[in-house]
Amino acid sequence: MPAFTARSTFNGSGGALPPFLFEVNMKTIAAISTPDAAGGIAMIRISGPESLRIADDIFTAVNGTKVTEMRGYTCAYGTVSDGSEILDDVVLTVFRAPHSYTGEDTVEITCHGGIYLTKRILMTVYLHGADPAGAGEFTKRAFLNGKLSLSQAEAVMDVIQADGESELRLANYAKSGRLGTEMEHISGELVDLMSALAYWLDDAEECPPELERGTLTAQLSRIYAHLREMSARYQDGLVLRSGIRTVLLGKPNAGKSSVMNWLCGTNRSIVTEIAGTTRDVVTEQVKIGLYTLILSDTAGLRETENAIEAIGISQAYLELDKADLVLYVVDADAGMSAEDLDVLEKCRGRRTVLIWNKTDLSQTLPPQTDIPVVQIAAIHEKSTEQLEKVLSAFFGGGANVTAAAPITERQNLLICRAAEAVKHASDMAECGAEMDMMYADLERAAKCLREIEGKEVTDDVIDGVFSKFCVGK
Ligand code: GDP
């Protein structure tokens, strides 16, 4: 029987920190942490045991303070010189280990944001003994020094890249360690079950109550459902981060191009009274409230003899296959036809909104349907509020993001693997298989969940995560 791992107390959010798992590189590193562009100010970060000494070599404080004597979280104003001339007047901030981002002694030099100037200061730092930092090396050191778990480190990148409220909120959840806490909780449950199994298999007199078949399968099914739910949240988060692929469908002249133009706020698609004008797929990215839609306006759907229009129509169906969201446009004046119902049937299982258009021409109400309806007159419409409400119900996000979720493919894959292992254990429990066969499944699942937080990971995994970072982070 393999020994089971004791439940760790590290929760990635301020709990007990793990021991040093890796040999931390003791070189002092430096990089420009602000963008490689001219700006008001720029910041050069130096981290490692020599950082205060290097800063002291090149910096002269106005008040005469030596950098090596400065306390953590204090600043000094002064000049940086390359030994022969003053390069700039700067503000220098000192962080003392372990109370810094990396967990090491760190100095941040904030200078004027000229590209050449910043690089000159960085070169001077190198000449005094620092090595160039690799991609994501500051954050990697934070991870290796136990300041962040691996999932929190990954979230730092998402915080930087977030370009909307919901993306930022998801990233901040992950960065705060909520995912880690949830993983810790589930793997703790699995480890408890493993302990009970080990006890039982060690010829205990009585079966522990948690291993009674009904109780065990119920617990495993609950854990499995929880893991699947988390994976589903990843898919939703992905849609929020990368944009909702949205296809506009409907019969010719229903007003699809007008809806496209309403959402884009410009005349993106050609609008005419001639049915069959849009034959190619027209794509545009628009922000609707919290959501980014990648809109595709397609050829109107109808039976046609025209070869070019027919190609456009088959492209429309291809777009439907890829879509996260369908906006199905119907001309309220013409009403819902059998063809509309046929196409809506094809959309089943996909998030679909019925856009009941041209309400300025007709008082006809939309048919009773379980599909959410947005009633508009696209050529006059100004507000997107109705649509935003539907998007919020479909995709959550923004204020609706209330749960931790995996935010990278790596994390999601591990959660899916853990779910499959738990499912296998649950199936075996249900069919009355030997208990020891379940042990390996539970161990595999717990290992996957620990790997999310960077416990028991190989150097390759760590390098893979940080290679996606930029230099300076
Ligand atoms: P598509 O073929 O589905 O892309 O339809 P279009 O957007 O090209 O619109 C077809 C015709 O309907 C054009 O003459 C539009 O001006 C008109 N139209 C579209 N939406 C409205 C609307 O809300 N009210 C009115 N009165 N006309 C509209």
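Student: Which residues is Arg 410 in contact with, leaving aside its neighbours within four places in sequence?

Tutor: This is a predicted model, and in it Arg 410 is in contact with Leu 150, Ser 151, Glu 154, Glu 451, Ile 452, Val 461 and Val 465, once neighbours within four places are set aside. Arg 410 itself lies in helix H12.

Student: Why is Arg 410 called buried?

Tutor: The cut-off for buried is under 20% relative accessible area. Arg 410 has 18%, so it counts as buried.

Student: And what makes the pairing of Arg 410 with Glu 154 a polar contact?

Tutor: The limit for a pair of N or O atoms is 3.5 Å, and one must be able to donate a hydrogen and the other to accept it. The side chains of Arg 410 and Glu 154 make such a contact at 2.9 Å, within that limit.

Student: Staying with H12, how do you know what span to expect for the helix?

Tutor: You take 1.5 Å times one less than the number of residues. H12 covers residues 409-430, which is 22 residues, and the expected value is 32 Å. From first C-alpha to last, H12 reaches 31 Å, close to that expectation. After H12 comes Gly 432, with a positive phi near 75°.

Student: What makes a set of residues a nonpolar core?

Tutor: The members have to be buried, come from the nonpolar list, and be joined through side-chain atoms within 4.5 Å. The largest one here has 35 residues, and those touching the most other members are Met 183, Leu 190, Leu 216, Leu 227, Met 438, Leu 442 and Leu 449. Helices H6 (178-201), H7 (213-242), H12 and H13 (435-452) each supply at least two of its residues. There is also a second, separate core of 29 residues, including Val 239, Leu 240, Ile 288 and Phe 395.

Student: What does Leu 227 touch, not counting residues up to four places away in sequence?

Tutor: Leu 227 touches Ile 186, Ile 415, Ala 418, Ala 419, Val 422 and Leu 449. As a general matter, nonpolar side chains in soluble globular proteins tend to be buried together.

Student: What does Asp 360 contact beyond its sequence neighbours within four places?

Tutor: Ala 377 and His 380. With His 380 there is a side-chain to side-chain polar contact at 3.3 Å, again within the 3.5 Å limit.

Student: Now the ligand: which residues are closest to it?

Tutor: Of the 18 residues surrounding the ligand, the closest are Asn 253, Gly 255, Lys 256, Ser 257 and Ser 258. Helix H8 (residues 256-264) gives the largest share of that shell, three residues.

Student: How do you know that polar atoms of the protein come within 3.5 Å of the ligand?

Tutor: Set the distances against that limit. A backbone N or O atom of Asn 253 is 2.8 Å from a ligand oxygen, a polar backbone atom of Gly 255 is at 2.9 Å from one, and a side-chain N or O atom of Lys 358 is at 3.1 Å from one. Alone, the ligand would expose 580 Å², and the protein buries 87% of that.

Conventions
Residues numbered from 1 in each chain as written. Predicted model: local features only at pLDDT ≥ 70, side-chain atom pairs only at ≥ 80, totals over all residues. Heavy atoms only, no water. Helix = DSSP H or I, 4+ residues; strand = E, 2+ residues; numbered from the N terminus. Buried < 20%, exposed > 50% of the residue type's maximum accessible area, 1.4 Å probe, protein only. Contact = heavy atoms within 4.5 Å. Near = heavy atom within 4 Å. Areas by Shrake-Rupley, 256 points an atom, 1.4 Å probe, with all protein chains shown as cover.
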